[in-house]
Amino acid sequence: MSQLSHVLPPGQNYESASGDQEASYGRIKQDGLDTTHGAILYLEDITVSFDGFKAINQLNLDISVGELRCIIGPNGAGKTTMMDVITGKTRPTSGTAFFGQTMDLTKMNEVEIAHAGIGRKFQRPTVFEQHTVFDNLELAMKMDKRVKTTLFARLSSEQRDKIAAILELIRLNGQEQRLAGLLSHGQKQWLEIGMLLIQEPQLILLDEPVAGMSDAETARTAELLNELRGKHSIMVVEHDMGFVAEIAQQGKVTVLHEGSVLAQGTMQQVQADDRVIEVYLGR
């Protein structure tokens, strides 16, 4: 099954200050998601055991609305398993996971969670290589059941404007008629991020988004994520510490180790933490 099954329609719309929907990339109207306490994701005492091995061990974590949170840690720290729990791919052995105040992720399947507004991008880009960049974005849009059209219907001017806005955001304007298979690795990553964004998720999970990228592509990806800050809540799992420093700014960085939070704070604080230096960063 294509990983695009994780890029499914959440229940929200873009909304202008006047309340009217707009095709451009604007602020988010959060339909059906109660974030009155300021947090969009709560994980409390999450444990995941596989044949006695605790991949996640009483993990506690919360993400604020509009926050860009970086998750770092050594291999085997539980980062991927944590994202599997959030997206419904893995059921926790114990603990609670809430999207907003009321949506219990442990009682929802993958499709329900994606519809609720959580989008996930895996490390390896998955695009339709025999189709153009524009076609990839159009297909992603029409996978969204909120778009009252068929795969064979013509796009409205508003839909075309929305695709144009996403193309500019992901640095692929001017490349829309190019086959996706001819893009560089970094461009494919941006295209898949665009395919995710066009469905307007409220929480985005990105797994090592700059792995395999050139230095220039990595820098442009940092610019992209910094532009998305505040418009979406974003969780980024990454090993590239230079990239993390670029997007973390003064936000929180969470360090996982052996399935639990080892340390949390600004990039400067976690880099200076002796425990983090010992288990992950080295001296």
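Helices (H or I, at least four residues) and strands (E, at least two) are DSSP runs, numbered from the N terminus. This is a predicted model, in which local features need pLDDT of at least 70, side-chain atom pairs count only at pLDDT 80 or more, and totals for chains, interfaces and linings use all residues. Residues are numbered from 1 along each chain as its sequence is written, and side-chain values use heavy atoms, with hydrogens and water left out.

**View 1. Helix α4, residues 157–169**. The 13 residues of α4 reach 18 Å from first C-alpha to last, close to the 18 Å expected at 1.5 Å a residue (the expected span is 1.5 Å times one less than the number of residues). Buried here means under 20% relative accessible area, with exposed over 50% and partly exposed in between (1.4 Å probe, protein chains only). The buried residues of α4 are Gln159, Lys162, Ile163, Ala165, Ile166, Leu167 and Leu169. After the helix comes Arg171, with a positive phi near 65 degrees.

**View 2. Strand β9, residues 203–207**. Strand β9 is largely enclosed by the rest of the structure, because 5 of its 5 residues are buried. Look at both faces: Leu203, Leu205 and Asp207 are buried on one side, and Ile204 and Leu206 on the other.

**View 3. The neighbours of β9, strands β8 and β10**. Two strands pair if DSSP finds at least two bridges between them. Strand β8 (residues 118–121) runs parallel to β9, joined by 4 bridges, and Gly119 stands opposite Ile204. With β10 (residues 233–237), β9 pairs in the parallel sense over 5 bridges. Here Ile204 stands opposite Ile234, and Leu203 faces Ser233 in β10. From β9 the chain passes through helix α6 (residues 215–228) to β10, a right-handed β-α-β crossover (with the strands pointing away from the viewer, the path from the first strand over the helix to the second runs clockwise).
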